[in-house]
Amino acid sequence: MITFQDALSRLLCPTAGRADFAPRPAIIQARAADGSMPDRAVTYGQLEELVGRAQAGLTEAGVREGDTVLLCAPNSPELVAAILSTWRLGAVALPVDFRLTGAEVDNLVARLEPRAVVSVEPISQRAVTVRLGALPEAPAGFDGRGLDRVSQDGLALVILTSGTTGVPKGAVHDLGSLINNVSELAATFGLRADDRAFLPLPTSHIFGMAVLLAQLLTGGCIVLSDFHPADFWNTVTRLKVTMVVGVPTIYGALINLPSPPANEIPVQQYLSGGAPLPVSLAHEFEKRFTRRIVQGYGTTETKILCFNKDGPPESVGRPLPSVVIEIVDQNDEVVGEGDSGEIRIAGPSLMKGYLNQPEASAQVLHRGHYHTGDIGYIRDGLLYISGRSKEMIIVAGNKVFPSEVETVLRQHPLAHEVAVLGVPHRKLGQLVKAVIVVKSGELCDLLCGDEAMKKQAKEELNARFREFCQQHLKRELRPMEWEFRPISCPLPKTLTGKIDKKQLEATPA
Ligand code: AMP
């Protein structure tokens with residue numbers, strides 16, 4: 001495998017030592033869906049220049065080794081360059097959700113004290129802004145000298161956890177472990193320099209960041225684009241995309257859309273991560289597009305852990321070479337093959353801890369292991385995830401994983417989206433509640449009507465879903481409370497398309 005220094009040099013000085021890469025496309029920013037901006041290709045040579053300009057911008061803003069740089073902007077070649085230039089300076093990149101408001105960014109600035117904020121327009125009242133559209137010219141002659149001083153162990157990246165309530169925690173990663181993780185991802189996934197990867201995911205999420213870096217390390221091309229379902233196939237065929245990197249909601253949307261015939265689609269590989277991929281969706285997708293979706297698993301705290309290239313779609317696959325995945329019981333003892341327990345991770349991919357939160361770090365990191373809070377089992381070397389321990393519902397002592405119930409409810413012909421959660425109950429402790437977004441049609445229309453129509457639709461839906469559950473679910477798994485929404489009222493999602501259950505609990509329709 002590639003050494004740290006070589007990988008660092010390829011990423012931070014893309015053409016140093018490989019001048020033949022200069023004319024090759026590194027990043028294509030796909031045109032805006034409204035046609036306001038054309039496709040824009042940036043070669044490795046131009047990326048190198050942009051990294052130099054971003055470095056100059058950060059230096060002007062006073063950024064020095066060890067400082068933190070908060071980056072709040074949608075994906076663009078300039079944003080990528082700004083992240084890379086942060087590491088050239090030995091500083092720490094803190095990419096955040098580009099949809100944050102000015103007040104939210106200011107809160108983070110007050111808490112995390114970055115030296116500068118990188119954004120499209122000035123967004124923070126409290127920090128120096130480096131504007132991506134107005135990067136200064138780079139001083140001539142930066143050729144990567146000094147990169148040998150960039151430390152493997154120094155802090156390099158902070159990714160905020162996706163917790164939607166309370167204060168998000170910042171998982172801290174060093175450059176050595178980040179580069180090791182993305183090199184392993186590139187090598188085991190088999191990324192190639194002639195790949196073009198469609199990436200609609202933000203760099204503020206570890207999945208988007210890891211794939212971006214893996215692709216640049218390999219010398220391939222990244223296609224940065226928002227996901228516009230109606231424009232998707234046009235974009236991938238126009239830009240000759242060979243690989244799509246998405247989250248399950250994206251693949252769910254594609255299933256419901258017209259598409260070109262499978263033999264006219266240039267995509268060879270589909271990768272999904274960030275959230276469970278429903279098995280029914282995996283099957284349907286493969287049938288329709290004649291290619292399987294490769295499902296990966298990772299967390300903000302551990303980076304990319306495994307992916308499933310050839311196992312059954314229920315599994316998230318085998319670990320990357322240096323990742324150790326074990327299943328443990330409540331006493332932290334490793335359980336036997338096929339037995340269920342908490343998924344525990346060891347190896348160099350682990351974060352160093354949460355930024356300035358030693359207690360929260362100690363809760364999840366013990367003696368070189370990260371405790372994911374995910375429950376699963378390993379069979380024939382393949383990892384299977386049953387659900388998250390925090391989401392487990394306990395109904396009169398019976399343990400229910402929402403995903404078990406969701407998998408069944410999703411098969412109902414009227415179900416468009418499904419979420420299952422536990423709600424407090426005086427006698428039973430908790431009970432199972434199902435929230436269903438109903439597919440368009442007569443009942444969906446009635447749900448949008450007046451009170452009498454809504455009542456009629458809910459009674460009918462209640463009866464149909466209850467009957468379905470009697471046929472397909474064990475008694476203790478059957479929801480006792482139901483909420484039905486029309487298709488115009490989708491479930492709330494996090495940036496990576498995970499159903500945001502905390503928001504769902506806080507604001508029932
Ligand atoms: P995040 O740190 O926001 O990326 O969330 C990580 C969590 O997402 C994991 O601990 C899992 O609960 C969940 N997750 C990620 N990928 C998968 C997957 N392929 N299948 C099931 N759960 C997943």
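Author: Helices α5 and α6 (residues 206-218) pack at an angle of about 70°, their axes 9 Å apart. The model is predicted: local features need pLDDT of at least 70, side-chain atom pairs count only at pLDDT 80 or more, and totals for chains, interfaces and linings use all residues. Residues are numbered from 1 along each chain as its sequence is written, and side-chain values use heavy atoms, with hydrogens and water left out.

Reader: What makes a stretch a helix here, and what is its axis?

Author: Helices (H or I, at least four residues) and strands (E, at least two) are DSSP runs, numbered from the N terminus. An axis is a line fitted to C-alpha atoms, for helices over the stretch in contact, and angles run from 0 to 180 degrees between N-to-C directions.

Reader: Why are α5 and α6 called roughly perpendicular?

Author: Angles of 65 to 115 degrees count as roughly perpendicular, under 35 as roughly parallel, over 145 as roughly antiparallel and the rest as oblique. The angle is about 70°, so α5 and α6 are roughly perpendicular to each other.

Reader: Which residues of α5 and α6 make the contact?

Author: Contact means heavy atoms within 4.5 Å. From α5 come L178, V182, S183, L185 and A186, and from α6 come A210, V211, L213, A214, L217 and T218. These divide into nine nonpolar, two polar and no charged. Ala, Val, Leu, Ile, Met, Phe, Trp, Tyr, Cys and Pro count as nonpolar, Asp, Glu, Lys and Arg as charged, and the others, Gly among them, as polar.

Reader: How do α1 and α5 pack?

Author: Helix α1 (residues 4-12) and α5 (residues 175-189) pack at about 85°, with axes 10 Å apart. That makes α1 roughly perpendicular to α5. F4, A7, L8 and L11 of α1 meet L175, G176 and I179 of α5. Six of the contact residues are nonpolar, one is polar and none is charged.

Reader: Is E113 buried or exposed, and how do you know?

Author: Buried means under 20% relative accessible area, exposed over 50%, and partly exposed in between (1.4 Å probe, protein chains only). E113 has 63%, so E113 is exposed. E113 lies in the loop between α4 (102-112) and β5 (116-119), and its phi is near 50°, a positive value in a residue other than glycine.

Reader: What makes D380 exposed?

Author: The relative accessible area of D380 is 59%, and therefore D380 is exposed. D380 lies in the loop between β20 (369-379) and β21 (382-388). D380 has a positive phi of about 50° although it is not a glycine.
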